[in-house]
Amino acid sequence: MNMSEILTTTKALLQGVEVVTILFVVVLIASIPLGFVLTLLSRCRIAPVRWVVNAYIYVVRGTPLMLQLFFIYFGLPYLPVVGKMLVLSGFSSALVGYTLNYAAYFAEIFRGGLLAVDKGQYEAAQVLGFSKAQTIVRIVMPQMIRVALPSVTNESITLVKDTALMYAVAVPEILHYAKVAVSRTANPMAFVVAFVIYLIMNTILQLVFNWLEKKLAY
Amino acid sequence: MNMSEILTTTKALLQGVEVVTILFVVVLIASIPLGFVLTLLSRCRIAPVRWVVNAYIYVVRGTPLMLQLFFIYFGLPYLPVVGKMLVLSGFSSALVGYTLNYAAYFAEIFRGGLLAVDKGQYEAAQVLGFSKAQTIVRIVMPQMIRVALPSVTNESITLVKDTALMYAVAVPEILHYAKVAVSRTANPMAFVVAFVIYLIMNTILQLVFNWLEKKLAY
Amino acid sequence: ACGSNDATQPADAPSTDAPAEDAAPADDAAPAEEEQTPAEDAPSDTVPVEEMTKLVLGLDASFPPMGFTDQDNNIIGVDIDLAKEVCTRLGIEFEAKPIDWATKEMELDTGKIDVIWNGMTVTDERKEAFELSRSYMNNTQVIVVMNDSTIASKADLADKVVAAQTDSSGESVLMADEIYASIKDGAHKQYADYVTALNDLALGRIDAIVMDEVVARYYIEQNAQPMTVLEETLSPEEYAIAAKKGRTDLIEAIDKTLDEMQADGTLDKISLQWFGKEGMILR
Amino acid sequence: MKLIEVTSLKKGFGNLNVLTDVNFEVEKGDVIAVIGPSGAGKSTMLRCLINLEKVDGGTITVEGESFVKDGVYASHEQIKAVTRKMGMVFQNFNLFPHLSVRRNLTIAPTAVFGKSKEESDALCESLLDKVGLRDKIDAMPSTLSGGQKQRVAIARALMLNPDIMLFDEPTSALDPQLTSEVLGVMRALAADHMTMIVVTHEMSFAREVANKILFMCDGMIVESGTPAQVFGQPKDRRTADFFHNILE
Amino acid sequence: MKLIEVTSLKKGFGNLNVLTDVNFEVEKGDVIAVIGPSGAGKSTMLRCLINLEKVDGGTITVEGESFVKDGVYASHEQIKAVTRKMGMVFQNFNLFPHLSVRRNLTIAPTAVFGKSKEESDALCESLLDKVGLRDKIDAMPSTLSGGQKQRVAIARALMLNPDIMLFDEPTSALDPQLTSEVLGVMRALAADHMTMIVVTHEMSFAREVANKILFMCDGMIVESGTPAQVFGQPKDRRTADFFHNILE
Ligand SMILES: Nc1ncnc2c1ncn2[C@@H]1O[C@H](COP(=O)(O)OP(=O)(O)OP(=O)(O)O)[C@@H](O)[C@H]1O
Ligand SMILES: Nc1ncnc2c1ncn2[C@@H]1O[C@H](COP(=O)(O)OP(=O)(O)OP(=O)(O)O)[C@@H](O)[C@H]1O
Ligand SMILES: [Mg+2]
Ligand SMILES: [Mg+2]
């Protein structure tokens, strides 16, 4: 395979980068707060709320994302009554599915992060007159985020790679374009290009998170 | 879809459970020690060794497992000279690929676990006459494993779900049989069955690891 | 290319300029749909063909030359050219949607695509599951081996590793053949796609592949592979277009338009373009 | 009117009765040292006072207002209003590690009580002057020594202008040299007539600075009085034993 | 022959010269208390003695054998042979948390030095008797109090039958009551004529138990002598300042 063919292949694969990037950004922005809400709900005083949230986290983490995407994309429209309103496009399904999936993972990460916040911090805040909500927002969250950040980085890197599953709901992404290029050219060069693209994306991601980690250090 | 069809589907899918289980067990047994070796090498005094190991971990974690499997299965035979000896069966490729991939993840987990072992433990061991190797095996590893176990559990659950990628190198597994069943029956029930099978496998896994965690607690 | 076709119709091109006469069989309001349980089947509010503004065609976009992706990620191929022409004549928009082949039933069922049109072989199960068009192409399942292979006939497959694509007609034909019992391990090797299988054939992991003749020849020619298609074939078969069960109006409209294209020589034009000769596509 | 009145306070954890019957009074300007063996319930008593633990019974009255009366708690607002009169300094400082010294001091006044930034900053600077840490105003807690951390914690509690300061072993996480810095600040507070209740193992501090000693044992205050009385002529055998045991 | 001789010991971390010129001798049976302000280099000196830090210069001789001579280290085996004569007890105990008390004591003799299980178990039991913790033989370290942990740590060091015991602030992580347990064990060791070097903030212990005081400041031993001399008539101004500063 010569240089110009590699360039052509790369150009074709780069078409997948846009959709991957959008998915990545939207899912991260949506699932991190959602995950934190789940974390708080999983420590809620009302037992049934805790059960539901924990069951949710348990099921989502125990089953493949691809099947979850299938249910959202193909399964939801079959629901009685509301089904009609739930006919989502492939990309919307992916957004919803990845967000719900990653929120469960982030919830677990944040749960661990909360454990790292000393009991004394809550007590000091209470004694200084902070309400529960103020304590969470002003004192607990900033400390928890710092502890959780390395795991969030890890999960984000996984998300970049997981975007390849989007094709299950008919959204062509990098790996799909690589596959069709391989099947056209009968030459695995496109996979090498995909490999490099993923590596570059993850490198950028890691640099961003390292910078963030340094900024949040105290 | 009636009960008997569900049973038939389930039986078909269970064919995939065996290969998944074997892969899971072998990969876990092989990649955990390999990961620990990588952890030790990544703190080696010889700088080039550290670089190579860190680069390895970096590349493996930054690229999709599916592409790595492709390289082992399709790419290795194209290597000059040794290529001819490296024509692995799909299942062997999967074993090698998953092991190399998960070893990198375990290496990162153990690296974190080592940080949790207090410096004082090394000093106490040295003062009591332990050699470096004895310190690692007798003092550091048992403590590190306890800290790392929750992350190892997480990674193992991911491994169960990742087995679905085996089909990329032509090894039929649960999700593959589910797809076949869906296209045969034109009914997505098989995906529901697959969902449940994954959930059950991961539940068993989690119970085993919880038991282990309790046993290793001190 | 595949020459094993009988009934090579003369390419008379009457070319009645009026593309679609739109005979509008308005009585086909598809009452057949009601026989499915309505509660479970919420997304089945299908639009009758004359109200359709767009035809969404689902395909596994890596099946050259029937439907595949070019270097700029445009979807092209025999089926695409056919479908585009049909849509033009029906006066509706056309969209090709690449899908995961394993999800084609669900895509169709949930109305996310209107047709599967991707060199899909007619089988009894598919006749049951879908609304199928009349076949528009003949195809044969052939045996592909390396040039230097010792396999020269179907009988030579005994004790050899034989592969087929999962859920393909090649697979079902192979499994139905009497030779199946004697191949190595008494079972074939399954692949997600042809390219993987052909790659493994080149590497020597497998000895033979049973696959669609159309694809095999195209692949060998395009990529100058040292592979051969054996003379002896398995069963002949046909390609058809699938729509969701009950959508007889859509299938009838497509069938009718294809008949017109046959009559005015359009099919031959497309055949010439992709296969280098006329008559490959015929009704 | 007494500043604090505590009567028949009871508190248990599960089957363990930690406080069986605690009674005492605090006058304005009192510096009270609470001493006693480990596990006696000193910390628990202090934590009940400021509502970090819920009592099982008894009454706590601060400046005439009770937030718990015979074991029955008042409304949330009432509790907040009463406990706000007290500031607390913890053994482990509990500074907010993600905030600078300045923000540690000003976050409660500004974010919780709506004081202006200027007012809070001015108060912050004058209190840091008082504890001798004006130059550390922009430092992060992790860069401070233990003694410095504890002095910041004291300043932080003072920001809310409490009438009473509670200290739970404020120096026991410090080594002797750093201890003296913190005790110095506490002495200065006592000299300013701040009312203080100090759980402490520093007998020298108790003896020199406190005007009243409470000796706790087995969930009760078994002896109380001036330092001279309690140290000099302990009436209770347990008090005598305690002094005998600790190495001085 | 002196048990330990240290001459012109030098040690720095980067640009910081922690030990500038340390010289002292230890006779058999000596109980030496090393005191001095924080940062003086006490811990560093002790750690150099047992090869937890590499010195930059100087000589350390134990029972006539040097493992470092004028800053040049002997062979690995030689170092091991010499340092084996010393046991060390850390401020933070450093028990192995994953092993029971018994295994904490016996792991080094059995796994490292190849002693038999029976012999080690017998020694383990008698040493636990000595520190008063025979009943905790099967407990895990996490279930022990600080004072108990430190006593186990002392017993663990004694398992290897050292000629000299080094202690780095063995009680500073303990509160006063627990401290007395540990000091009790150390007193008993001294009474048994164990040679000991103890870095400590417990002036009372230094005064009562040690027969020799080393006062360290700025990386040197600025004053040494009997407790009476050093506490009573300090010659160096820094010593006097130190005693003045710490609250007693
Ligand atoms: N949250 C809790 N749950 C259960 N038991 C507790 C709790 N807090 C304290 N205790 C128990 O209550 C008793 C008294 O504890 P407290 O901390 O008040 O004692 P203290 O006098 O402060 O002792 P110290 O001098 O060691 O700090 C102890 O036996 C302790 O174990
Ligand atoms: N590993 C190290 N790297 C850099 N500096 C160090 C290191 N260990 C100790 N120091 C520095 O060496 C100096 C002496 O430390 P050392 O711990 O020996 O003092 P010390 O007399 O034991 O004090 P303390 O009473 O606080 O324990 C201090 O300034 C300390 O910061
Ligand atoms: Mg306490
Ligand atoms: Mg020290």
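Two residues are in contact when they have heavy atoms within 4.5 Å of each other. Keep that rule in mind for this tour of a predicted model, because 93% of the interface residues of chain D are also interface residues in chain E, so the two copies meet through the same surface.

**Stop 1: chains D and E**

Select chains D and E together.

Now select residues 4-243 of chain D. An unreviewed UniProt entry annotates this span as "domain: ABC transporter". Colour the span by secondary structure, and you are looking at 38% helix and 27% strand.

**Stop 2: rings in chain E**

Stay with chain E and show the side chains of F67(E) and Y73(E). Over all chains, the structure holds 33 aromatic pairs. F67(E) and Y73(E) make one of them, a tilted pair with 6.1 Å from centre to centre and 40 degrees between the planes. Is F67(E) buried or exposed? F67(E) counts as buried, because its relative accessibility is 1%, and the cut-off for buried is under 20%.

Which ring does K54(E) lie over? K54(E) lies over the face of Y73(E), 4.6 Å from the ring centre. So Y73(E) has two partners to look at here: F67(E) in the tilted pair and K54(E) over its face.

Next, select R207(E) and F231(E). The charged end of R207(E) sits over the ring of F231(E), at 5.0 Å from the centre of that ring.

**Stop 3: chains A and B**

Move on to chains A and B. Of the 6 pairs of chains in contact, this is the pair that shares the most contacts. Chain B can be laid on chain A by a turn of 180 degrees with a shift of 0.0 Å along the axis, and the RMSD is 0.2 Å. That is the relation of a two-fold axis. Both copies use the same surface, as 100% of the contact residues of chain B recur in chain A.

Colour chain A by confidence. Its average pLDDT is 92, and 100% of its residues score at least 70. Where in chain A is confidence lowest? Look at helix 7 (residues 174-185) of chain A, with a mean of 86; the highest value, 96, belongs to helix 5 (residues 119-127) of chain A.

Then select residues 13-209 of chain A, which an unreviewed UniProt entry annotates as "domain: ABC transmembrane type-1". This span is 79% helix and 0% strand, and its end C-alpha atoms lie 25 Å apart. While you are in chain A, show F36(A), Y102(A), Y105(A), F106(A) and F110(A), which form one aromatic cluster.

**Stop 4: a residue in chain B**

Zoom in on A190(B), in helix 8 (residues 189-216) of chain B. A190(B) is buried, with a relative accessible area of 1%. What surrounds A190(B)? Beyond its neighbours within four places in sequence, A190(B) is in contact with T9(B), L13(B), A178(B), A181(B) and V182(B). Now pick I6(B) as well: I6(B) and A190(B) are 184 residues apart in sequence, yet their C-alpha atoms are 7.6 Å apart in space.

**Stop 5: chain C**

Finish with chain C, which has 8 helices and 13 strands. Of its 283 residues, 57% count as buried. Among its contacts between residues at least 6 apart in sequence, 74% join residues at least 24 apart.

Select helix 5 (residues 194-203) of chain C. Why is this helix described as largely enclosed by the rest of the structure? Because 9 of its 10 residues are buried. Among them are Y194(C), N199(C), D200(C) and L203(C). Just after this helix, click on G204(C), which takes a positive phi of about 85 degrees.

Finally, zoom out and show chains C, D and E. Chain C does not touch chain D, and their nearest C-alpha atoms are 49 Å apart. Chain C does not touch chain E either, with nearest C-alpha atoms 49 Å apart.

Methods
Residues are numbered from 1 along each chain as its sequence is written. Chains are lettered from A and ligands numbered from 1 in the order in which they are written. This is a predicted model: local features need pLDDT of at least 70, side-chain atom pairs count only at pLDDT 80 or more; totals for chains, interfaces and linings use all residues. Side-chain values use heavy atoms; hydrogens and water are left out. UniProt positions are given in the numbering used here, feature names are shortened, and annotations may be inferred rather than shown by experiment. Helices (H or I, at least four residues) and strands (E, at least two) are DSSP runs, numbered from the N terminus. Buried means under 20% relative accessible area, exposed over 50%, partly exposed in between (1.4 Å probe, protein chains only). pLDDT is the predictor's confidence in each residue, from 0 to 100. Copies are superposed by least squares on the C-alpha atoms of residues with pLDDT of at least 70 in both. Rings of Phe, Tyr and Trp (its six-membered ring) pair if their centres lie within 6.5 Å; planes under 30 degrees apart count as stacked, over 60 as edge-to-face and the rest as tilted. A charge sits over a ring if NZ of Lys or CZ of Arg is within 6 Å of the ring centre and within 35 degrees of the ring normal.
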